[in-house]
Amino acid sequence: MRSPRAVFSYLILSALSTPFLIMYVAFFIQAFSERISLGILPEGVGISNFNFLWRPIPWGLERTTVWEVLRNTVLYAGLSGGTVTVICLLGGYALSRMDFKGKTFFLSLQLLLHAFPGHILLIATFFLLLYMKLLYTIPGVALARASIEIPLGIMMAKGFFDAVPWDLERAAMVDGCSRIELWSKIFLPMIGPGIAAVFIWGFIFAWHEFIYVYTFLPGTVRLMSTLIQAMIATETLPVGLLAAMSLFYMAIPLIFFVILQKALLKVPVLGGKGL
Amino acid sequence: MSFTSMGRTLDWEFVGVENFRKLFAGTDPIVPRILENTVIYVAGALPVTIGVGLLVSLLSMRMAKTAGLFFRTVFFIPRVVPPVVWGFLWAWSWEGTRYGVFNQVLEAFGISPVYWLTRYSMLIVVMANGFLGVSLAMLIFTSAIAGIPVDYTRAAEVDGASYWQLSRHIIVPMLRWPIAVMTMWHLMSFINSYVYILLITGGGPYYSTSVWSLYGYTSAFKEYLYGYGSSLMMILVIVNAILFFLAWRIFGVKRLIAPTRLEA
């Protein structure tokens, strides 16, 4: 199947991806060096750009430390991910196992909501938060952010619940379980990895979120994404610092979930039938 | 809210269709410009997404496994990078001073710096968003190509078809559905997306990269014309609803679910 003409496809793709490779490489090298020249050649290699880890960062007239910002971000993303997880697990269970009026309507509504981008509903969200007195607070923004992910999250959770065999549920019900007990004692332990998946998914999206944070938490509470944006918006780009901080920003969830994944793999997947 | 003149004071003052008249009667001189920008932006980014996405998946599927994976990773990175970082990467790489990445590359060849971000601002915005779309489109197309039964391609090869003929007459026709779905999907997402434009150029210089959705956002949150911003967004909501029901009628519900699963 390999022919000399196959070289052609390598050529085209290489040409197409060169600018991107230059961008990525320049980004990495910039994070670890004082200056770069000719695009990708480092000068003054070192970790001096990472000194924001132990030094305060100027923010307007005040100063802040990266750890404070990080704490806010973790709080926000965790809250948002947690909300998504709880609501999706409850909603997914109901959609998967119960029969009620308007179920099909509700399912298609989820789809419609997902197709509707949350970005254009920002102004309405702004006023909802304003009247709930949650504007400019982390929980408020986390809630607003969570609502964007819930439609797809419910679909995801429904898939996990669908995989649990009916027999287990019937057996528990014969033994006198209520719906809530059934949900918390039978289902939740069975879909452990699924819960983690929904949470991780909600967490990552909240962590990467920019526009909600930028609009609803302006200047008063700092988060990683707004911190980086504020630095882009300055007159002269502090490129080295920005590259280093972006790397830091991206690495944290990665490290977090590599650790989490190991812990998750240790959890024995229950030996239930049909799982 | 779109029928009120709500401003900085947050009063609900009902003004009827005043906002919409301002929009359509030409009282706001920026609107035609915004409309033009939106059309250019969507019409530019959509072919980039679909075309490059198709090209990358077609070519990379043909290569040795690791090489194909490498190129696909290069084009998939935009989707896993946070928006702020992607915005920074573009704003920095195409910076007009001699510190921008591509100006440094040019300097190596002895060419003086080009003011990318001011001169070709629209092009850069289109590319930044287009290549973001490429990552998803490429993923969908690649898995669709991998799903084509080998019999078809083998038969064509036995008959002596070149890879170009193979793609043209067999693979692309078989990808009709994914291409249609992706076109619709990205059409909607480009109409609504403004986050990356906000990050890279902020709509400037002088509204040259402001699209409809960004204008709605800035009028509400920068100029504090909440009522007017809501009207702008209201129009977008209507456009979206129309597009969504078109997609619904054409593709049916089940086919709309498929790409979302892959995205997650």
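Predicted model: local features only at pLDDT ≥ 70, side-chain atom pairs only at ≥ 80, totals over all residues.
**Conventions.** I count residues from 1 along each chain as its sequence is written, with chains lettered from A and ligands numbered from 1 in the order in which they are written.

**Entry 1: chain A overall.** I looked up the secondary structure of chain A and found 11 helices and 4 strands. Here helices (H or I, at least four residues) and strands (E, at least two) are DSSP runs, numbered from the N terminus. Of the 275 residues of chain A, 33% count as buried. I use buried for 20 or more other C-beta atoms within 10 Å of a residue's own, exposed for 12 or fewer, and partly exposed for what lies in between, with C-beta atoms placed from the backbone. I then took the chain A contacts between residues at least 6 apart in sequence, and 67% of them join residues at least 24 apart. A contact means that the C-beta atoms of two residues, placed from the backbone, lie within 7 Å.

**Entry 2: domains of chain A.** The assignment for chain A gives domain 1 as 6-46 and domain 2 as 57-266; such bounds come from an automatic or database domain assignment. I find 4 residues of domain 1 and 5 residues of domain 2 in the contact between them. On the domain 1 side, helix H1 (residues 6-31) of chain A gives the most, with 3 residues. That side divides into 2 nonpolar, 1 polar and 1 charged. The classes are nonpolar for Ala, Val, Leu, Ile, Met, Phe, Trp, Tyr, Cys and Pro, charged for Asp, Glu, Lys and Arg, and polar for the others, Gly among them.

**Entry 3: H2(A) against H8(A).** I looked up the packing of helix H2 (residues 66-97) of chain A on helix H8 (residues 192-208) of chain A: the angle is about 140 degrees and the axes are 8 Å apart. H2(A) is therefore oblique to H8(A). Axes are lines fitted to C-alpha atoms, for helices over the stretch in contact, and angles run from 0 to 180 degrees between N-to-C directions. Angles under 35 degrees count as roughly parallel, over 145 as roughly antiparallel, 65 to 115 as roughly perpendicular and the rest as oblique. Among the contact residues are A:Tyr76, A:Ser80 and A:Val84 of H2(A), and A:Phe199, A:Phe203 and A:Ala206 of H8(A). By class, the residues of this contact come to 11 nonpolar, 6 polar and no charged.

**Entry 4: H2(A) against H5(A).** The axes of H2(A) and helix H5 (residues 138-162) of chain A come within 6 Å and cross at roughly 35 degrees. This crossing of H2(A) and H5(A) is also right-handed. I list 21 nonpolar, 7 polar and 5 charged residues in the contact of H2(A) with H5(A).

**Entry 5: A:Ala142.** I picked A:Ala142 in helix H5 of chain A. A:Ala142 counts as buried because it has 27 C-beta neighbours inside 10 Å. Beyond neighbours within four places in sequence, A:Ala142 is in contact with A:Tyr76, A:Leu79, A:Ser80, A:Thr83 and A:Ala206.

**Entry 6: chain B overall.** Chain B has 13 helices and 0 strands. Of its 264 residues, 42% count as buried. For chain B contacts between residues at least 6 apart in sequence, I note that 63% join residues at least 24 apart.

**Entry 7: B:Trp177.** B:Trp177 is in helix H10 (residues 176-192) of chain B. B:Trp177 has 12 other C-beta atoms within 10 Å, so it is exposed. B:Trp177 and B:Ala144 are 33 residues apart in sequence and 9.5 Å apart in space, C-alpha to C-alpha.

**Entry 8: chain B against chain A.** The contact takes 49 residues from chain B and 46 residues from chain A. Elements giving two or more residues to the chain B side include helix H2 (31-62), helix H3 (65-80) and helix H12 (212-221) of chain B. H13(B) gives the most to that side, with 12 residues. By class, the chain B side has 36 nonpolar, 10 polar and 3 charged residues.

**Entry 9: H12(B).** I find 8 of the 10 residues of H12(B) buried, so this helix is largely enclosed by the rest of the structure. The buried residues include B:Trp212, B:Leu214, B:Tyr215 and B:Tyr217.

Definitions and conventions. Left-handed = near helix turned anticlockwise from the far one by under 90°.
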